[in-house]
Amino acid sequence: MGTLPIYTWRLAPDGLATRRQLRAAGLRPGGQDVAAQVERPRYRRGPLVAFLYRIELARPVRPMTSAKAAALAKANTARRTCPECRRDAGYVIPASLGMCVPCAYPEGVTP
């Protein structure tokens, strides 16, 4: 495999899109290889890089099945359940705390 063509930010040719652009159009890469990359310059760090895929080879996004929706709902519920008090916190438990805020700071004192 040769090197990928590299384009400057906003100067990629028509017919190529990033994953996000494909998703916004209801498409997915569908197993195709990366066709090119686009670089956005940043100061003090290396450039931001996004891979580009051919739009004509993209496939439609698979529809959400009831089993996938149920699995996703179960996973999100698990992320909201505090392991200490076993209550639904109403938000995703921060990984830095490992428990809901009332359990992490019982006297209401925050660091």
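Me: Which residues does Gln 37 touch, not counting residues up to four places away in sequence?
Reply: Happy to start there, keeping in mind that this is a predicted model. Gln 37 lies in strand S4, which covers residues 36-40. Leaving out residues up to four places away in sequence, Gln 37 touches Leu 4, Pro 5, Ile 6, Tyr 7, Val 49, Ala 50, Phe 51 and Leu 52.

Me: Is Gln 37 buried or exposed?
Reply: The relative accessible area of Gln 37 is 13%. Buried means under 20%, so Gln 37 counts as buried.

Me: Which element gives the most residues to the lining of the largest pocket?
Reply: Good one to check in the viewer! The largest pocket holds about 370 Å³ of space. Of its 16 lining residues, Thr 18, Gln 21, Val 38, Ala 50 and Leu 52 are the closest to the centre. Two or more lining residues come from each of strand S2 (16-17), helix H1 (19-24) and strand S5 (48-54), and the element that gives the most, with 4 residues, is S5.

Me: How many residues of the lining of the largest pocket are nonpolar?
Reply: The lining includes 2 polar and 3 charged residues. The remaining group, the nonpolar one, has 11.

Me: Which residue lies over the face of Trp 9?
Reply: For a charge to sit over a ring, CZ of Arg has to be within 6 Å of the ring centre. Here the distance from the ring centre of Trp 9 is 5.4 Å, and the residue over its face is Arg 40.

Me: How many aromatic pairs does the count come to?
Reply: Ring centres have to lie within 6.5 Å to pair. By this rule, the number of aromatic pairs is 0.

How values were computed. Residues numbered from 1 in each chain as written. Predicted model: local features only at pLDDT ≥ 70, side-chain atom pairs only at ≥ 80, totals over all residues. Heavy atoms only, no water. Phe/Tyr/Trp six-rings, centres within 6.5 Å; stacked < 30°, edge-to-face > 60°. Lys NZ or Arg CZ within 6 Å of the ring centre and 35° of its normal. Buried < 20%, exposed > 50% of the residue type's maximum accessible area, 1.4 Å probe, protein only. Contact = heavy atoms within 4.5 Å. 1 Å grid on protein atoms, 1.4 Å probe; cavity = no way out; pocket = protein on both sides within 12 Å on 5 of 7 lines; lining within 4 Å. Points joined across faces, edges and corners; volume = space filled by probe spheres on them. Nonpolar A, V, L, I, M, F, W, Y, C, P; charged D, E, K, R; others polar.
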